[in-house]
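Keep the picture open as you read, and look for each part as it comes up.

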Amino acid sequence: MPSHHLPLLLTAFQHRFRRDLEAMSRFLADDVAVGWEELGTDLLDGAPPALVAALTGGEHWPSRTLDNLITPDGSPPVRMTVTDATAIEQDLQWGYILRPHGIGVISLLHEDAGPVVDWNTDPRTVFSDSPAHWSSTAHAPVLTPLRAAPPQATPTTRPAIGSPARPAARR
């Protein structure tokens, strides 16, 4: 859900990975054997404590990969590659594409592309979870920022820019 994943991903980019998209992509996509079960608050490492508290309410949980999978035939599990054909069979509802200028958000059940949320967006911004709001022809559906002022050491919020270009591959 965008309301859960976008704050974690924006904060991770801005603080843990210090705006290094290549390092973030390596961690989230390239260095994972199969896939992610859950993204956790470890992505918020390096963020100001007030921002972490605003996003998590003080709770902490680790990111978890899909490590203990058992296939029906006993063969080793393979990397989860998401394509148009596999998204439905994997029961995925949302796709996130890390781009140089922001995160592309796709409602996989309704669209082939989606708007891009700028990397400078305040992570405390509240986003809609309604797939109908994430159209490829619209701006990202910002409901409301949680607070008026951005946290210290976090850039100010910029409007999200829609991206009509279809991604080459989904992660």
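The report below visits a helix, a strand pair, a pocket and one histidine.

## Before we start

This is a predicted model, in which local features need pLDDT of at least 70 and side-chain atom pairs count only at pLDDT 80 or more, while totals for chains, interfaces and linings use all residues. Residues are numbered from 1 along each chain as its sequence is written, and side-chain values use heavy atoms, leaving out hydrogens and water.

Helices (H or I, at least four residues) and strands (E, at least two) are DSSP runs, numbered from the N terminus.

## Helix H2

Let's begin with helix H2, residues 21-30, where Leu21, Ala23, Met24, Ser25, Leu28 and Ala29 are buried. Buried means under 20% relative accessible area, exposed means over 50%, and partly exposed lies in between (1.4 Å probe, protein chains only). An α-helix has 3.6 residues a turn, so residues three or four places apart point the same way.

The cover over the buried residues of H2 includes helix H1 (2-16), strand E1 (36-38) and strand E3 (94-99).

## Strands E3 and E4

Strand E3 is largely enclosed by the rest of the structure, because five of its six residues are buried. Its partner is strand E4 (residues 102-107): six bridges join the two, which run antiparallel. Two strands pair if DSSP finds at least two bridges between them.

To follow the pairing by eye, find Gly95, which stands opposite Ile106 in E4. A hairpin of two residues links E3 to E4.

## The second largest pocket

A pocket is found on a 1 Å grid over the protein atoms alone: it is an open set of points where a 1.4 Å probe fits, with protein on both sides within 12 Å along at least five of seven lines, and lining residues have an atom within 4 Å of a point. The second largest pocket holds about 160 Å³ of space. It is lined by 14 residues, and the closest to its centre are Ser3, His4, Pro7, Leu55 and Pro123.

Which helix gives the most to this lining? H1 does, with four residues.

## A closer look at His4

His4 sits in helix H1. It counts as partly exposed because its relative accessibility is 31%.

Setting aside residues up to four places away in sequence, His4 touches Leu39 and Trp61; contact here means heavy atoms within 4.5 Å. His4 and Thr56 lie 52 residues apart in sequence and 9.9 Å apart in space, C-alpha to C-alpha.

Key
Points joined across faces, edges and corners; volume = space filled by probe spheres on them.
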